[in-house]
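Welcome! Take a moment to look over the sequence and turn the model around, and then we can walk through it together.

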Amino acid sequence: MSGGSKPKHEDAQAQAAKVAAEAKTRKAEEQAAARVKANELGQIPVLMYHRVMKNPAPGDDRTPEQFRAELERLARENYVPITAAEYVTGKIDIPAGKHPVVLTFDDASPAQLTLDGMGRPAPDCAIGVLMDVAKKHPGFRPVATMYVIRDLFGKTRKEEQIQVLEWLKDHGFDIGNHTHDHVNLRGKSQEEVAKQIVSMHNEVISLIKTPPITLALPYGNQPKNKEWALHGTYKGVTYNYKGEFLAGYTPAQSPFTKDFDPAGIPRIRSKEKEKNTDCAKFCSEAWLDWLKANPNERYTSDGNPKTVAFPKFKAPFVSPAFSARTLPY
């Protein structure tokens, strides 16, 4: 034995102890996941909102009271908001036993966010209501994804646009692309699609330096080739987005499954059940009822963002990209 070196049997003992410790940790993680019935291959509701305002016209807009009631329900039923960026990249870091929900807002309306002279959201704007509900429900993260167009929350001066986007960024919100002019991309050429996306992409970068990584399709309509909305180049500017969101009608797949399609992620309209309409089955109240009645179909976190936990029999559905992170139990 050379000076200072350990005998081989000591190295073997140390390695065996390390393996045993890792096995013990793994077993504890599996037991913890089983206790909360973790299912990180389950479905995730991505809710779609537009304006939150008093006396909305029939359609997709909500009153502050309706919006608050839906957020209160989400909090009671153990949902935790995450951003679209966190969802599509699989960075879902929420407590064990909780369920992720993605709140998305289209069109960058002042009814979604209006700040006073001290940088506080108006109480009845969407973000003001969200912040208030989060204050009353610790653990309910006040975050969402704002899909912006050129009408940046009614602000026309660049300084004011920077103010509002920086406020969102500083408070953990995600800025997504909704095209510059809210153009229906169906039937448009590849160049026209890229122009609309790059124009808004560049505008966001010019204001807050942070590029969007997801797109919400105006009217939910995909271009002729759905990949054009994710990847493209216009006038030397290239975009490579991680997710492309539709307008309805079902919960979305876990990003850890083989079924996850970044080029066609469904969203759910925020609306109560209404007889003899699509909302009887396909809007937010109906889907939240369904997820509550079918908890084994819903994404439930194990509390560890480094693992993907699920009952063993669901293993065939895991995406190969996440095989190193799996924690079947």
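## A pocket to start with

The model you are looking at is predicted.

What kinds of residues line the largest pocket? Sorted by class, there are 6 polar, 3 charged and 2 nonpolar residues.

## The largest nonpolar core

In soluble globular proteins, nonpolar side chains tend to be buried together. Here, the largest nonpolar core holds 40 residues, and Leu103 and Met146 are the ones with the most contacts inside it. Several elements each give at least two residues to this core: strand 1, helix 2, strand 3, helix 4 (126-136), strand 4 (145-148), helix 5 (158-170), helix 6 (190-208) and helix 8 (284-293). Which of them supplies the largest share? That is helix 4, with 6 residues.

Setting aside neighbours within four places in sequence, methionine 146 is in contact with Phe105, Gln112, Ile127, Phe153, Leu168, Phe173, Asp174, Ile175 and Gly176. Another core lies apart from the largest one; this other core has 23 residues, including Ile44, Phe245, Ala252 and Val308.

## Helix 4 and its cover

## Salt bridges across the chain

Side chains of opposite charge can pair when their charged atoms come close. In this model the count comes to 17 salt bridges. One of them joins the side chains of aspartate 60 and arginine 269, with 2.8 Å from N to O. Aspartate 60 sits in the loop between strand 1 (46-49) and helix 2 (64-76), while arginine 269 belongs to strand 10 (residues 268-269), so this pair ties together parts that are 209 residues apart in sequence. With a relative accessible area of 28%, aspartate 60 is partly exposed.

Another salt bridge brings together the side chains of aspartate 106 and arginine 267, at 2.9 Å from N to O. This pair also links distant parts of the chain: aspartate 106 is in strand 3 (residues 99-106) and arginine 267 is in the loop between strand 9 (243-245) and strand 10, 161 residues apart. Are these two partners buried or exposed? Aspartate 106 is buried, with a relative accessible area of 3%, and arginine 267 is buried as well, at 0%.

A further salt bridge pairs the side chains of glutamate 159 and arginine 157, with 3.7 Å from N to O. Glutamate 159 is partly exposed, with a relative accessible area of 48%. There is also a network in which salt bridges with shared partners join Arg73, Glu77, Lys273, Asp289 and Lys292.

Start with aspartate 174, which is found in strand 5 (residues 174-177). Its relative accessibility is 11%, and because buried means under 20%, aspartate 174 counts as buried. Beyond its neighbours within four places in sequence, aspartate 174 is in contact with Thr83, Ala84, Ala85, Ala144, Thr145, Met146 and Thr214. Its C-alpha atom is separated by 23 Å from that of threonine 257, a residue 83 places away along the chain.

Next comes serine 109, in the loop between strand 3 and helix 4. Serine 109 counts as buried at 10% relative accessibility. Leaving aside neighbours within four places in sequence, serine 109 is in contact with Arg51 and Phe153.

Finally, find threonine 89 in the loop between helix 3 (84-88) and strand 3. Threonine 89 counts as partly exposed, at 29% relative accessibility. Neighbours within four places in sequence aside, threonine 89 is in contact with Ile213 and Lys242. How far apart in space are threonine 89 and threonine 307? Their C-alpha atoms are 14 Å apart, although 218 residues separate them in sequence.

Notes. Residues are numbered from 1 along each chain as its sequence is written. This is a predicted model: local features need pLDDT of at least 70, side-chain atom pairs count only at pLDDT 80 or more; totals for chains, interfaces and linings use all residues. Side-chain values use heavy atoms; hydrogens and water are left out. Ala, Val, Leu, Ile, Met, Phe, Trp, Tyr, Cys and Pro count as nonpolar, Asp, Glu, Lys and Arg as charged, and the others, Gly among them, as polar. A salt bridge is a side-chain nitrogen of Lys or Arg within 4 Å of a carboxyl oxygen of Asp or Glu. Helices (H or I, at least four residues) and strands (E, at least two) are DSSP runs, numbered from the N terminus. Buried means under 20% relative accessible area, exposed over 50%, partly exposed in between (1.4 Å probe, protein chains only). A nonpolar core is a set of buried Ala, Val, Leu, Ile, Met, Phe, Trp, Tyr and Cys residues joined through side-chain atoms within 4.5 Å. Contact means heavy atoms within 4.5 Å.
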